[in-house]
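Here is a short briefing on one protein chain. Keep the sequence and the 3D view side by side as you read.

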Amino acid sequence: MTAFHYQDHSLFVEELPLSQVAEQFGTPCFVYSRRALQDNFLAYEKAFSGSDHLICYAVKANSNLAVLNVLAKLGAGFDIVSGGELERVIRAGGDPAKVIFSGLGKTEDEIRAALNANILCFNVESEAELLRISAVADWLGKTAPISLRVNPDVDAGTHPYISTGLKENKFGIDINRALSVYEQAKTLPGISIVGIDCHIGSQLTTVAPFLDAVDRVLQLVDTLSERGIKLTHIDVGGGLGVTYRDETPPDPSVLVSAVRDRLGDRALGLIMEPGRSIAANAGVLLTRVEFLKPTEHKNFAIVDGAMNDLLRPSLYSAWQDIVPVETNRDDIQSYCYDVVGPVCESGDFLGKDRDLAIAAGDLLAVKSAGAYGFVMSSNYNTRNRAAEVMVDGAQCHLVRQRETIDYQLSLETVLPE
Ligand code: LLP
C-alpha cells in the first residue's frame with residue numbers, strides 16, 4: 001500500500017486521515033510520510049548493494065530538518081549547494097564526511113565552512129572557483145578534496161528550465177576542456193583530486209541520457225588515468241524523474257544497474273545525488289477550498305494554497321494531481337475547475353481543468369509536493385509560509401510551524417524619524 005491511499009472514502013497518509021492533520025494544524029500545510037521517504041531512499045540502497053557507493057540526497061529538493069534527519073539515520077550522504085544547506089545537514093545529524101558541495105557560486109565563507117567541517121568533496125564548476133578553493137584551503141592549511149563537474153553536452157530531454165547538461169547551460173566545465181583543468185588542479189596548493197561529476201537535468205524519465213553522459217565522462221576518466229590522474233569516485237548526479245501524471249520513469253534499480261554496468265571493472269566508487277525521486281511522492285500539499293466561483297467561461301475553485309506555497313505549476317506549467325481528501329460526495333455534482341490561489345497574479349494556479357466534485361470548505365491534496373514544494377515557497381503577498389508536518393505511522397509531528405505575521409515582519413524596520 002502506498003503511503004497516501006484511500007480508506008473508507010478518506011485520503012490517508014500512512015495510518016492517519018489527512019482530514020485529521022488539517023484539523024490539527026490548519027491549511028495550507030505540507031504533509032510528508034516518513035515511511036515513503038525511507039522506502040524511496042532504501043530503493044536506491046538496495047540497488048547499490050554490494051558495491052562501493054554513496055547516495056547523497058540533494059538537500060535542495062526538501063531541506064526540512066526532519067526530512068534530513070530521517071535520511072541521515074539511514075546512512076545517507078548529502079549533496080548541498082550552500083553554506084545554509086551545510087548547516088542544515090549538520091544540525092539534522094548528518095555526517096559532514098558524506099557531504100558533497102555542488103553549485104557554481106561558492107563564496108569564500110562557504111568554502112571555509114565546508115573545509116572546517118571536513119566534507120567529502122567539492123564539486124567544482126569553473127576554473128575561477130577551483131582557484132578560490134585552492135586559495136582558501138591553502139590559507140587554512142587544509143587540503144580540499146575536489147571533483148570537476150563536467151558538462152557532457154547531452155540533451156536530457158526535460159523542461160528547459162531544469163535541463164543542465166547542455167553546453168549552453170551555465171553549469172559545469174566543458175568536457176572538452178576538463179582535461180586541462182585537471183592538469184591545472186594537479187599543480188595547485190591545497191587541492192586533492194578525488195573525483196569527477198556531472199548532472200544533466202531533472203525529471204528525466206528514461207535511462208538513455210544518463211548513460212550517454214556516463215559514457216562521455218568515463219572516456220575522460222580513462223584518459224585521466226592514462227595521464228596519471230587516478231580518481232576514486234564518479235558522481236553521476238541526480239535527476240531521476242517521478243510519476244506526476246503518466247510518466248513512467250525507470251525504477252532506481254534499473255538506472256543504478258545500467259550505470260554500474262557501464263563502469264565495468266574500473267575501481268571507482270559511485271555517487272548519486274537524487275532529490276526528487278526520494279522526496280516528491282513522499283509529500284502532499286493540503287489545501288482547503290475557500291470559494292467556488294463559476295463564471296461564464298470557467299469554474300474556479302479558490303483555495304487557501306497558492307503559487308507562493310507551490311510554485312511549480314506557475315513556473316514550469318508543471319502538472320500535479322489534485323485529489324479530494326473526502327470522496328463520499330455523491331450529493332455534489334462534478335465540474336471542471338481551475339484550482340487557483342488568492343495571490344494577485346493570473347499565473348497563480350495549482351492546477352487547471354480538473355474534474356472535481358467539491359464544495360466550499362472541502363479539503364484537497366496536491367500530490368507529489370514533497371520535492372521542490374516548500375523549499376521554493378515565498379512570502380509573496382505577505383502570506384505566511386505553510387506549516388510542514390511529518391507523519392510516522394499513526395503519529396503526526398509538526399516539523400515546521402506555520403509562519404506568523406510577527407515572524408515575517410521581525411526583520412524589517414521603518415526609517416528613523
Ligand atoms: N545534483 C545537482 C547538481 C542538481 O542541480 C540537482 C537539482 C540535483 C542533484 C537533484 O536533482 P533531482 O534528483 O531532484 O532531479 N525546481 C525544479 C527542479 C530543479 C532541480 C535543480 N537541481 C522543479 O521543481 O522541477
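The C-alpha centres of domain 1 and domain 2 lie 36 Å apart. This is a predicted model.

**Domains**
- The chain is divided into two parts: domain 1 covers 4-32 + 280-409, and domain 2 covers 103-272.
- Where they touch, domain 1 supplies 8 residues and domain 2 supplies 5 residues.
- On the side of domain 1 that touches domain 2, 4 residues are nonpolar, 3 are polar and 1 is charged.

**Nonpolar core**
- The largest nonpolar core holds 120 residues.
- Which of its residues touch the most other members? They are Leu-18, Val-31, Leu-37, Ile-133 and Leu-286.
- Take Leu-37 as an example. Leaving out residues up to four places away in sequence, Leu-37 touches Tyr-32, Val-67, Val-70, Leu-71, Ile-278, Ala-279 and Ala-282.

**Helices H2 and H9**
- Helix H2 spans residues 34-48, and helix H9 spans residues 252-263.
- Their axes come within 9 Å and cross at roughly 35 degrees.
- Is the crossing of H2 and H9 left-handed or right-handed? H2 passes H9 in a right-handed crossing.
- From H2, the contact uses Ala-43, Tyr-44, Lys-46, Ala-47 and Phe-48.
- From H9, the partners are Pro-252, Ser-253, Val-256 and Ser-257.
- By class, this contact between H2 and H9 has 6 nonpolar, 2 polar and 1 charged residues.

Notes
Residues numbered from 1 in each chain as written. Predicted model: local features only at pLDDT ≥ 70, side-chain atom pairs only at ≥ 80, totals over all residues. Axes fitted to C-alpha atoms, helices over the stretch in contact; angles between N-to-C directions. Helix = DSSP H or I, 4+ residues; strand = E, 2+ residues; numbered from the N terminus. Left-handed = near helix turned anticlockwise from the far one by under 90°. Contact = placed C-beta atoms within 7 Å. Nonpolar A, V, L, I, M, F, W, Y, C, P; charged D, E, K, R; others polar. Core = buried A, V, L, I, M, F, W, Y, C linked by C-beta atoms within 7 Å. Buried ≥ 20, exposed ≤ 12 C-beta atoms within 10 Å, placed from the backbone. Domains from an automatic or database assignment.
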